[in-house]
Amino acid sequence: GLRLSEMCKHVVNAQVSVRAQCCRRWFDCPQCHAEASDHQLKKTTEMVFACKACKRTFRKDLSAFEDADEFCPHCDNKYILPAVVADDEPALPGSSMTYVEMDAEDLDARVKSKSQEKAMLARAAYY
């Protein structure tokens with residue numbers, strides 16, 4: 001079954017867990033994946049999220065991300081927030097980025113049209 005961690009030790013306000021495309025396990029941030037895995041995180045624009053508020057899963061295509069996509073479709077929990085990094089953790093690249101935005105930096109050219117790029121920069125990608 002779905003097993004979500006209660007709190008990410010890197011991004012303390014994580015509102016969702018994401019299923020890694022590479023190993024199909026759930027993580028709150030790329031650092032959690034790196035610490036628990038012996039392989040690189042596979043990047044993708046097709047994301048599977050699990051809301052920490054309602055514990056339900058949902059899919060998002062990050063190449064077609066819209067304002068309404070910042071909220072869980074089941075309980076309306078806003079999961080796109082500026083990241084709050086734990087005091088004892090090193091700063092994340094672009095420390096105000098959300099976990100979703102961390103992956104946006106690594107997305108390839110297939111999602112970089114002007115409107116998609118604007119959406120990615122505003123809210124953007126997780127795994």
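Me: How many bridges join β1 to strand β2 (residues 26–27), and which way do the two strands run?

Reply: Two bridges join them, and they run antiparallel. Strands pair if DSSP finds at least two bridges between them. A strand is a DSSP run of E with at least two residues, a helix is a run of H or I with at least four, and both are numbered from the N terminus.

Me: What should I know about the model before I go on?

Reply: It's a predicted model, where local features need pLDDT of at least 70 and side-chain atom pairs count only at pLDDT 80 or more, while totals for chains, interfaces and linings use all residues. Residues are numbered from 1 along each chain as its sequence is written, and side-chain values use heavy atoms, with hydrogens and water left out.

Me: Which elements does the protein chain have, and in what order?

Reply: There are three helices and four strands. Starting at the N terminus, you'd read them as β-β-α-β-β-α-α.

Me: Where do the other strands pair up?

Reply: β1 also pairs with strand β3 (residues 46–51), antiparallel again, over three bridges. There, Val18 stands opposite Phe49. Next, β3 pairs with β4 in the antiparallel sense over five bridges, and Ala50 has Thr57 in β4 as its bridge partner. β3 and β4 make a hairpin too, with five residues between them and a positive phi of about 70° at Lys55 in the turn.

Me: How do I read the two faces of a strand?

Reply: In a regular strand, side chains alternate between the two faces of the sheet. You then ask how covered each side chain is: buried means under 20% relative accessible area, exposed means over 50%, and partly exposed is in between (1.4 Å probe, protein chains only).

Me: Which residues make up the largest nonpolar core?

Reply: A nonpolar core is a set of buried Ala, Val, Leu, Ile, Met, Phe, Trp, Tyr and Cys residues joined through side-chain atoms within 4.5 Å. The largest one here has 11 residues: Val16, Val18, Met47, Phe49, Cys51, Phe58, Leu62, Phe65, Cys72, Tyr79 and Ile80. β3 gives the most to this core, with three residues. A second, separate core has nine residues, including Cys8, Ala14, Ala20 and Cys32.

Me: What does Phe58 touch?

Reply: Contact means heavy atoms within 4.5 Å. Leaving out residues up to four places away in sequence, Phe58 touches Val16, Met47, Val48, Phe49, Cys51, Cys72, Pro73, His74 and Tyr79.

Me: What about charged side chains?

Reply: Side chains of opposite charge can pair when their charged atoms come close. A salt bridge needs a side-chain nitrogen of Lys or Arg within 4 Å of a carboxyl oxygen of Asp or Glu. By this rule there are four. One of them joins Lys9 and Glu35, at 3.1 Å from N to O. Lys9 lies in the segment before β1 and Glu35 in helix α1 (residues 30–36), so the pair ties together parts that are 26 residues apart in sequence. Lys9 counts as partly exposed because its relative accessibility is 47%.
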